[in-house]
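User: Hello! I am new to this structure and would like to get to know it step by step. Could you walk me through it?

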Amino acid sequence: MKILIVDDFSTMRRIIKNLLRDLGFSNTDEADDGNTALPMLKSGKYDFLITDWNMPGMSGFDLLKAVRADENLKNLPVLMVTAEAKRDQIVAAAQAGVNGYVVKPFTAAVLKEKIEKIFERIQ
Amino acid sequence: MSDSKKNHQGLDPDVTEKLQRQAAELAESVNAGDYGRAMSLINDLSEVKDQSLYREVGRLTRSLHEAIRNFQIDPRNAEQKEALSKMTDASDRLEYVVQMTAQAANRTMDLVEESMPMAHAMRDEAAALRQEWQRLRRREMQPDEFRDLYARIDTFFSKLTGDADTLYGNLSEILLAQDFQDLTGQVIQKVTTLVKEVEEHLLSLVVMASHVDQLTGTVHQLDDKSVSAEEGVGPQIRTEERDDVVSGQDDVDDLLSSLGF
């Protein structure tokens with residue numbers, strides 16, 4: 001299971017990476033925005049995408065849309081971990097095909113629950 | 001700042017008086033058919049408008065300069081003094097806050113990442129030793145096994161002492177890594193004060209401009225600027241008082257399940 005973590009703040013990437021390792025997922029890569037992440041995803045090596053929303057360059061929302069529009073990536077599970085908390089944003093993310101939505105600040109338990117829920121649904 | 005409140009509600013009384021006098025004179029001149037005089041009065045009127053606006057803008061600019069010049073913070077040592085003297089504007093200062101907080105977060109995470117495997121190893125070895133110890137108590141242990149256990153317990157105790165010291169040291173370094181809050185707190189408070197002052201000055205400029213608009217009869221066409229849901233806006237504050245934002249993960253989950261998630 002290889003996971004790509006996309007966030008413009010290295011500290012947040014590091015926190016998520018540590019939490020994932022505690023959950024047993026130690027095979028992770030990092031990208032700092034959608035423009036960096038998309039070519040990595042297209043290389044086809046990833047099973048799961050965790051992305052922030054608000055990033056310079058390409059936002060996480062645009063990344064989500066690009067993933068869903070790509071024939072090879074359209075089924076990739078995407079978890080959004082973001083400070084964006086407006087209801088219409090969450091609805092827009094759901095409509096764009098996000099698999100889970102975690103609002104910052106979050107706890108290790110919440111991240112674990114959402115990731116497990118997504119995997120349950122896939123299997 | 002003492003005279004700054006004067007114009008918040010309107011123009012200077014002497015300006016309004018002048019305007020009233022000139023307007024009356026203008027009406028008189030038009031009625032009397034003295035169009036030359038009328039035109040020159042119209043020019044005077046527009047000059048009064050311009051002058052009072054310029055005067056207000058000048059005053060605001062001076063207050064703004066004053067506010068920016070007073071924008072200082074107290075450095076604690078020579079290194080900080082140098083670092084701070086190089087920063088001449090608020091965005092530099094905020095960038096400094098970002099750097100300080102990132103540095104503290106990384107330092108903390110370094111220490112946590114160093115400590116976690118140590119805590120794991122302690123627990124694993126203690127659990128293994130406990131199992132052996134219970135075998136000994138049940139008298140299931142051979143003499144040479146006991147000799148091994150004896151040596152292992154000895155090693156564990158001496159390692160435990162060292163590891164506990166390292167953990168304690170890491171924890172107190174994590175504590176110290178939080179000292180950024182003091183400096184960043186000062187910087188943010190100064191920037192907040194500056195923003196408030198700028199906002200006040202801008203507000204009085206807007207009030208001033210609206211009075212000028214009233215005098216000149218100017219109507220502005222303002223477009224409604226709505227933000228697309230797709231655009232990121234960052235963290236929300238006072239979420240409890242608002243209906244358009246969620247107040248936490250439970251709210252997100254409720255919203256998504258109402259959408260059939």
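User: Happy to start with chain B. Among its contacts between residues at least 6 apart in sequence, what percentage join residues at least 24 apart?

Analyst: Welcome! Please keep in mind that this is a predicted model. For chain B, the contacts considered are those between residues at least 6 apart in sequence. The share of them that join residues at least 24 apart is 71%.

User: Which elements make up chain B, and in what order do they run?

Analyst: Chain B contains zero strands, and its helix count is seven. From the N terminus on, the order is therefore helix after helix, given how helices and strands are assigned. Written out, the pattern is α-α-α-α-α-α-α.

User: How much of chain B counts as buried?

Analyst: A residue is called buried when 20 or more other C-beta atoms lie within 10 Å of its own. Chain B has 261 residues. The part of them that counts as buried is 6%.

User: Is B:Arg139 buried or exposed?

Analyst: B:Arg139 sits in the loop between helix H4 (90-137) and helix H5 (143-177) of chain B. Its phi is positive, about 60 degrees, although the residue is not a glycine. The cut-off for an exposed residue is 12 or fewer neighbours. Because B:Arg139 has 6 C-beta neighbours inside 10 Å, it counts as exposed.

User: Now to chain A. What pattern does chain A follow along the sequence?

Analyst: Chain A has five strands and five helices. Of its 123 residues, 39% count as buried. Read along the sequence, its elements follow β-α-β-α-β-α-β-α-β-α.

User: Which residues touch the most other members of the largest nonpolar core?

Analyst: That core has 35 residues. The residues that touch the most other members are A:Leu4, A:Leu49, A:Ile50, A:Met80 and A:Tyr101.

User: Where is the cis peptide bond of A:Pro105?

Analyst: A:Pro105 lies in the loop between strand S5 (100-103) and helix H5 (108-122) of chain A. Omega is about -5 degrees at the cis bond. That bond joins A:Pro105 to A:Lys104.

User: How far apart in space are A:Lys42 and A:Asp70?

Analyst: A:Lys42 belongs to helix H2 (residues 34-42) of chain A. With 14 other C-beta atoms within 10 Å, A:Lys42 is partly exposed. In sequence, A:Lys42 and A:Asp70 are 28 residues apart. From C-alpha to C-alpha, their distance is 8.7 Å.

User: Which element supplies the largest share of the side of chain A that touches chain B?

Analyst: The contact takes 23 residues from chain A and 23 residues from chain B. On the chain A side, helix H1 (10-22), H4 and S5 each supply at least two residues. By class, that side has 13 nonpolar, five polar and five charged residues. The largest share, seven residues, comes from H4(A).

User: How are H4(A) and H7(B) oriented to each other?

Analyst: The axes of helix H4 (residues 87-95) of chain A and helix H7 (residues 249-258) of chain B come within 10 Å. A:Arg87, A:Ile90 and A:Ala94 in H4(A) meet B:Val252, B:Leu255 and B:Leu256 in H7(B), and by class this contact has five nonpolar, no polar and one charged residues. The crossing is right-handed. Since the axes cross at roughly 50 degrees, the two helices are therefore oblique.

Definitions and conventions. Residues numbered from 1 in each chain as written. Chains lettered and ligands numbered in written order. Predicted model: local features only at pLDDT ≥ 70, side-chain atom pairs only at ≥ 80, totals over all residues. Helix = DSSP H or I, 4+ residues; strand = E, 2+ residues; numbered from the N terminus. Axes fitted to C-alpha atoms, helices over the stretch in contact; angles between N-to-C directions. Parallel < 35°, antiparallel > 145°, perpendicular 65-115°, else oblique. Left-handed = near helix turned anticlockwise from the far one by under 90°. Contact = placed C-beta atoms within 7 Å. Nonpolar A, V, L, I, M, F, W, Y, C, P; charged D, E, K, R; others polar. Core = buried A, V, L, I, M, F, W, Y, C linked by C-beta atoms within 7 Å.
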